[in-house]
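Student: I would like to learn how to read helices and backbone angles in a model like this one. Could you take me through it step by step?

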Amino acid sequence: MVTETIQKLVREALAKQGFSIDEITLEHPTELEHGDFATNIALILGKREGRNPREVAEEIVAAFGNHEDIERIEVAGPGFINFYLARTFFPKSIKEMLEVGERWGANNSLKGKKVLVEHTQPNPFKPFHIGHLMSNTIGESISRLYDFTGAEVRRANYQGDVGLHVAKALWGLQKIGGDPSNVEDIAKAYVTGNSAYEDEETAKEEIVAYNKMVYEHADEIKEDYETGRRVTLEHFEELYAMLDTKFDHYFFESECFEPGKTLVKEGLTKGIFEESEGAVVFKGEPYGLHTRVFINQAGLTTYEAKELGLAYNKMQKWDFDVSVTTTAVEQDEYFKVVYKALSLLMPELAKKLVHVSHGMMSLTGEKMSSRKGNVITGESLLRDMLALATEKVQDRDLPEEEKESIARAVAVAAIKYSVLKRRAGKNVAFNPDEALSFEGDSGPYLEYSHTRASSVLEKANAVGVVPSTELAPQETTVLEKLLYRFPEVVERAQKEHEPHYITTYLTQLAAEWNSYYAAEKILDESVTAPYKLALAAAFANTMENGLWLLGIKAPERM
RNA sequence: GCACCCGUGGUGAAAUGGAUAUCACAACGGUCUUCGGAACCGUCAUUCCAGGUUCGAGUCCUGGCGGGUGCACCA
């Protein structure tokens, strides 16, 4: 990359002038007029040597060697050194991105590594709620970012198929005479069971008894349990397909309590855990954390112990190098405690685990499902968005089947974009009206920008114009100045587990493309038409890859 | 009470300790609807408060104020 070229030149110039510095940071100035890259080394050196930073900058610049990719170097402001890339650099970069195609933006930083990404974690017998939608969106995007490092990536799902929620649903099914093979009945049964558990003492006792039966796999509930579990899990698969996610591994709580218990017992003999009030706990206080129960007084493993079991099971299943888990921020403190305990038990394993949290989504605008008096779940949100997107494409002159896939792509883009446009840990105020306006700052806006480029490419194909980077216009466009940065953005997003860098970049890129598109006619029969077409192709390629990283499809038309 | 996260135009967001804080929505005013108007161009408006560190602070530190989340047998 050019960054390495510049770094090297800086190092050489510094050596020539007798300066030394550990790290050379390069950044893109906010203002494009300030150049393509800038470094603040002169400010640091000036401070260290007690000299005027501008003077130091001038000396460094004077020692610079020439390079074909660099047109000029300037000292600016308090002592920044600004680099302006040569015109010839840009056509080269466009050529390269077109050649790389599908993997444009990818790198090989983790080639040969195995990365497991756990996300979504819905529970059988319970609705797929908005938190699951967020975890799915972020988890899938992180998976794809890792894919772009050259690592082998597998997606894992961890689901609670035992526990009180299951008991509530099974008890509820009995109560309302529901059909365990019907997901809607199960949803109703869960609501019934849940409120009965809160309000009625006898119901509560019965549900607790059901819970015991669930753990014991008792004959009385066996059939309903298995049917309900299978049906709800199958139902989730439909949602995953809509969201364009697939899982390679499924882990269940019912498989995790045994190994979890074993680990805790082992830790107890090593003094990592201790007994307290009849339970087995991990004291987090010495580490600035809090105490949590791993095995309760009844001798049952809690979620904490199962988490340890899960980590163990994952490792058994696939010997990964990194395992990322995405959950809601509510679990931040919980994860700190569990990982601390694990780091004492199995330090090698604990080192490989990363927890990424996402914020909570709140809905504004009180629309859609809430009108019908239902609770808004992740599923209902998805379906409502789909219905509205379908309405939107209705009047397009396209085959029905294509309209359907476009509506799906648009609905998913609207939701995913609003989740991925901000830092992962921040709460999302989702406004369906805004996301559905499909204007400006939105997923469909990005998709639309892409279809405009596709459309030009199609037209060019029809009239026989072929993209070429040979004859470039004199002036470098802002579009070109943004396009070559894509791999840097990808790298940063992956390292920080922050897909929103991609979203922000793509939005800026799309705005620039639309602006260019409005100002320039591409197929104008001039000698530079093939170059402008190459720009359109490079934009389409970058947008497609970028959207893919967000888990969003880029239709050819919409 | 303690801990963690967060406070940026009217609204939703962005910003690697850098240069004049960047976008979008809303509002207002425009655009030969050309290769697709789900677009483009323009106007308007912002870092919670008080100290501190720094050549330089939305960003780091201390103290307030406001919001969210978590703190023993739920997941």
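Tutor: Gladly, and we begin with a definition: helices (H or I, at least four residues) and strands (E, at least two) are DSSP runs, numbered from the N terminus. Residues are numbered from 1 along each chain as its sequence is written, and chains are lettered from A and ligands numbered from 1 in the order in which they are written. This is a predicted model, in which local features need pLDDT of at least 70 and side-chain atom pairs count only at pLDDT 80 or more, while totals for chains, interfaces and linings use all residues.

Student: How many helices and strands does chain A have?

Tutor: Chain A contains 21 helices and 14 strands. Along the principal axes, its C-alpha atoms fill a box of roughly 85 × 65 × 40 Å.

Student: How is burial read, and what percentage of chain A counts as buried?

Tutor: A residue is buried if 20 or more other C-beta atoms lie within 10 Å of its own, exposed if 12 or fewer, and partly exposed in between, with C-beta atoms placed from the backbone. By that rule, 43% of the 558 residues of chain A are buried.

Student: And contacts?

Tutor: Two residues are in contact if their C-beta atoms, placed from the backbone, lie within 7 Å. Taking contacts in chain A between residues at least 6 apart in sequence, 72% join residues at least 24 apart.

Student: What should I look at when two helices pack?

Tutor: Two packed helices are described by the angle between their axes and the distance between the axes. Axes are lines fitted to C-alpha atoms, for helices over the stretch in contact, and angles run from 0 to 180 degrees between N-to-C directions. For helix 6 (residues 164–176) and helix 9 (residues 219–243), the axes come within 11 Å and cross at roughly 110°. The two helices are therefore roughly perpendicular to each other; angles under 35 degrees count as roughly parallel, over 145 as roughly antiparallel, 65 to 115 as roughly perpendicular and the rest as oblique.

Student: Which residues make the contact between helix 6 and helix 9?

Tutor: Helix 6 contributes Ala169, Leu170 and Leu173, and helix 9 contributes Ile221, Asp224, Tyr225 and Gly228. By class, this contact of helix 6 with helix 9 has five nonpolar, one polar and one charged residues. Here Ala, Val, Leu, Ile, Met, Phe, Trp, Tyr, Cys and Pro count as nonpolar, Asp, Glu, Lys and Arg as charged, and the others, Gly among them, as polar.

Student: At what angle do helix 6 and helix 8 cross?

Tutor: Their axes cross at roughly 115° and come within 8 Å, so helix 6 and helix 8 are roughly perpendicular to each other. The helix 6 side of the contact includes Leu164, Val166 and Trp171, and the helix 8 side includes Glu206, Ile207 and Tyr210. The residues of this contact between helix 6 and helix 8 divide into eight nonpolar, one polar and two charged.

Student: Which residues of helix 9 are buried?

Tutor: They are Ile221, Tyr225, Gly228, Arg229, Thr232, Phe236 and Leu243. These buried residues pack against helix 5, helix 6, helix 7, helix 8 and helix 15. Helix 9 has 25 residues and reaches 37 Å from its first C-alpha to its last, close to the 36 Å expected at 1.5 Å a residue; the expected span is 1.5 Å times one less than the number of residues.

Student: Where do positive phi values turn up?

Tutor: Most residues other than glycine have a negative phi, and most peptide bonds are trans. Just after helix 9, Asp244 takes a positive phi of about 65°. Glu277, not a glycine, has a positive phi of about 50° and sits in the loop between strand 8 (274–276) and strand 9 (279–282). Glu277 is exposed, with 7 other C-beta atoms within 10 Å.

Student: Is Ile406 buried or exposed?

Tutor: Ile406, in helix 15 (residues 400–420), is buried, with 24 other C-beta atoms within 10 Å. Leaving aside neighbours within four places in sequence, Ile406 is in contact with Val393, Pro555 and Met558. Ile406 and Glu556 are 150 residues apart in sequence and 9.3 Å apart in space, C-alpha to C-alpha.
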